[in-house]
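Could you take me on a tour of this structure in my viewer? Please tell me what to select at each stop and what I will find there.

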Amino acid sequence: MRPLAILRRPFFWLIVLATIAFALVPLRGNNVELREELILAAIYITLASNLNLMIGYAGYVNFGNIVFFGLGGYVCIYLVNTLGWPLMLAALSGGAVVSLLAYLFGLGILRLRGAYFALATIGVNEAVSAFVSNFEPWGGASGIYMSIEAYQPLGGAMQALWTIYFMIVAVMGLSLVLSYAIKRSKFGLGLLAIGQNEDAALVLGVPAPRYKALVYSASAFLPAVAGALFFFKSAFIQPSDAFDLTLSIEAIVMVMLGGQGTVVGPALGAFVYEELRSTLLTTAALSSLQLVISGGLLLVIVLFLPGGLMGWVHRRWPGTARILE
Amino acid sequence: MRNEYIFPFRHGWARHASPVGALRISAWRAILCLWHTKEVQMKKLLSIALAAALFAAQASAAADDTLTIGFTVSQTGSLNLDSVAQLHGFELWRDEVNAAGGIKAGNQRYQVRFVSYDDQSQGGRVQQLYTRLIVQDKAQFLFSPYSSGLVATAAIISEQYGKLMLTTGAAEQKTYQLGNKYLFQLYTPADHYLTGALDAVKSKNPKATIALVYSDDPFSKAVAIATRTQAKERGLNVVLDESYPPSTTDFSAIINKVISSKADALLGGGHYPDGATLARQVYEQKAPLKWMTLLVAPDSPQFASLGDAAKGVSVPSQWAPQVTYKPDFGPTPAAFTKAFEAKYKIAPGYHAAGGYAAGLLLQHAIEQAQSIDPQKVAAALNQTNATTLFGGTKFSTDPKSHGLQIAHDMVLTQWLMEGGKLVKEVVWPLAAKTAALAYPYH
Amino acid sequence: MYGILASIIDGVLVGSVYGLAAMGLTLIWGVMDVINLAHGAMIVAGMFGVFLLTDSLGLPPYAAIGPTMVLGFFVGVLLYWIAVHRVIGRPALMSLLSTFSADMVLIGLGTAVWGTVLFNVPVSLPGITWRGYTFTGTHILAAVLTAVIAGGLYLFLNYARLGKAIRAVSDNREAAELAGIPTTQVLSLAFGLGVALACTSGALIATLFPFTVLSGGAYQLKSFVVTVLGGLGNPAGALFGGLALGLLEGLATPFIPVSWIPVIEFVVFVVVLIAAPRGLFNFRRRS
């Protein structure tokens, strides 16, 4: 598909509209509570959408996907705090650096298939986490505390939160557009072929190694930027938060819940899961059962509903498959 | 085996082979589908928003004469033991204040109401929960979570929203060097933690060698950094200097290193789980040490359950029940200890005392300011220079280190066998001691 | 000098227990091509099994290991029928996720019931002291028991009917089915056996160090490293892999700060996965 052809597809405009709505909703009445919830939702949607590129399209399970998020955060905070760079530049640099690293790592581990690849990504995440814990210029295990003055260029701590919010929503929108654009392109076709049967795809002329490295690198960029923005907002980053394997797995749950291989699916799954999670977190009786409920949900999906919510929607109302991808 | 469940959209996708024509024909159906789906999504969004609003309305249904204080507790996770002790301190203060009619601010009396959540000992949750406490539960003042790492993450939130936070259970100094205006620290900062132990060891053996083995977390690291310099200043040689991951449960390798280094004294540790295990394994491996001071862990009454492994282990303490401070306001240490034991059936450690003091100091500041306006209360806190059951309290007002505690002293307590039972006694500084120091510790 | 030797010996002793933990994982992996991500939960279950048996029934800790192993077996079979049966033969993602979700549910339940407090099984045995370094009796006995169990497993797999059936199914399931072996039953029993081994290693670990509900995660990661070192489906390789890992830890500890050891382990893990995915200790050829 030619690049600009995407502008003619109604689904693209749907994404744009939804993103703009997402950004504007908390502005009504200066609704700070909603904004805080939506920031998290946007982050999860970003993570899930980009993870879907690997899991849903190429069929490679990236268990350690959180390493992109954490590294992006670290690079950005380091650039802002120690070298005084402006936020936008630092965040984008974070994305670029992590994408490059992902490409290099990918050359090594993308040779592995299936479960081996999944384990290797866990290994990469743990190795990076352990390394950063020892790396003193990045604060080691105690992490980096960002000075509150870093918010000054953005108008102070309170004002900066709004700016950061809009940036995060923009990243989320970009993730969805990227997901859709890839799916509708020849590149995406190749990925789907790889996901179905890699050897057959190779035989048919799909340049699998190059495509895999490209999608792995692409799926790293936006989560890294999201990580940069998230940790800038938190003003504090440490290895146990940045490389949290649990969040990595939750991203997979979100993709599976919503429906892997679709564009809307991961976003929907992320949104629903985030609501579920924050409800559980703050209901005293249930907060200790959060893992149980998430795990039970995942088990049910894997055993009985592997297509996730969107899979069920598409089967129930076949017409939606063409409009709501 | 059907493939459809993996890529269900394929049916729709295949049909897309002739896009333009199909689209024109089914345009109307498509729009209808869209409308229906959007409706479903919107209904979902609305119901979630409604639920959130109801929840918020419920949560912020505080009456006008209540003062809401928000904080998180580590009900689960590795910081659980000490965090809950701190919570008990908070609660004891709240119950006493409310029983006496509430906090008096000018002409108004306020009953104290707590809103708290479980942070599961994780920094990620802390930020989310504190934002919720401020924005949804309308907390007017904040207490910190327990432990320096979590407090650092919470502090950002309090600054972003301009809410006053009393930090207790947090000794690390860096948090206060980032340009804050609303943080107030109760504990003696981390860099003073092991000075007492170093002085005690030096008094018994001026040529003692030190092994510094500490947990890789913000608090313990801050202590270690200071201790290195202070040991050098006192002419004590540090022969081993290593950190371990906080989740370590097997210290045999590192204890072997301690034995190889032939150190006289072992200083370090982290929080309760690793400290307790380290003490136990040092005992099992019969390391030939003459002195052992661990952070935090031995202060908990539960440490005594280690039996012989706990004997002689010392801990730098922010407070001990035996201290003899004469308070300017609030109960004496003895009265506090008695009330705490009556309510919780266990002796208070310094975490509980710190929690209680946090409430007491906030109350005092509000009463001095005669208002619950955060700016006025902050000004009152900035002027505080008092002694309570917890010891001296004065907050730094230098903008580069605002809120840092500059008047509180630490003591060194040691577990000693008295009449067949393990009892914690204050052994340093000598002026405050209640029993003689045991060196070698075993 | 003696410090280094002591460190190596200690590393090997503890490494043997890692090997035992990995044996269960690699058995399951080899037989049914399923990576049991509930492995960590099963190790913790073994720890709690010993704790509960000693605490409430007053059994001596080492006597509790046997019943824990048996209980682990039944839990494993149950887990197979609940989470694994439906996903055998499906893409790897499915079995990874289904076992992982089982892990989440079990750990979540454990946290809800026991919190994350530290538990300890009080065990003390006279150790061997040598030139100032003490090798605790518990470490030595754990290594001995591991050797015994590993030997028992070897005999079982090679000489017992069921053991040979398990090996047949792992070689070629269709052929085994044709030969009259009830493969589904065998798979469930093999899974049970793998879980029993995990529980036993947990039980042994409980005699060595204190634990919480969350301790399983770290041992699960170590099991992955060991399994990859030893080669999939190769229990003997797992044992050697465990010893190798313990040796690595023991060798490295005297020379570098202890906090760098996880970095080394995971780098070795990724490198071995890429360069030698069949493992370093694979003595038999696997197709």
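Start by selecting helix 1 (residues 2-32) and helix 8 (residues 183-208) of chain C: helix 1 passes helix 8 in a left-handed crossing. Left-handed here means that the near helix is turned anticlockwise from the far one by less than a right angle, and right-handed that it is turned clockwise. Helices (H or I, at least four residues) and strands (E, at least two) are DSSP runs, numbered from the N terminus.

This is a predicted model, in which local features need pLDDT of at least 70, side-chain atom pairs count only at pLDDT 80 or more, and totals for chains, interfaces and linings use all residues. Residues are numbered from 1 along each chain as its sequence is written, while chains are lettered from A and ligands numbered from 1 in the order in which they are written.

Stay with this pair. The axes of helix 1 and helix 8 of chain C come within 8 Å and cross at roughly 165°, so the two helices are roughly antiparallel. Axes are lines fitted to C-alpha atoms, for helices over the stretch in contact, with angles from 0 to 180 degrees between N-to-C directions; under 35 degrees counts as roughly parallel, over 145 as roughly antiparallel, 65 to 115 as roughly perpendicular and the rest as oblique. Now show side chains: among those that meet are Val17(C) and Leu20(C) in helix 1, and Leu187(C) and Phe191(C) in helix 8. Contact means C-beta atoms, placed from the backbone, within 7 Å.

Next, select helix 2 (residues 39-57) and helix 3 (residues 61-84) of chain C, whose axes come within 9 Å and cross at roughly 135°. That makes helix 2 of chain C oblique to helix 3 of chain C, and the crossing is right-handed. Residues that meet include Gly46(C) in helix 2 and Pro61(C) in helix 3.

Now show chains A and C together. Their contact takes 33 residues from chain C and 35 residues from chain A. Helix 4 (92-114) of chain C is one of the elements on chain C's side, and it gives the largest share, 16 residues.

Move on to chain B and select strand 14 (residues 411-418) and strand 15 (residues 421-428), which pair in the antiparallel sense over seven bridges; pairing needs at least two bridges found by DSSP. Leu412(B) has Trp428(B) as its bridge partner. In this hairpin, Gly419(B) takes a positive phi near 60°.

The chain averages 84, but pLDDT stays under 50 over residues 1-19 of chain B.

Technical notes:
pLDDT is the predictor's confidence in each residue, from 0 to 100. Two residues are in contact if their C-beta atoms, placed from the backbone, lie within 7 Å.
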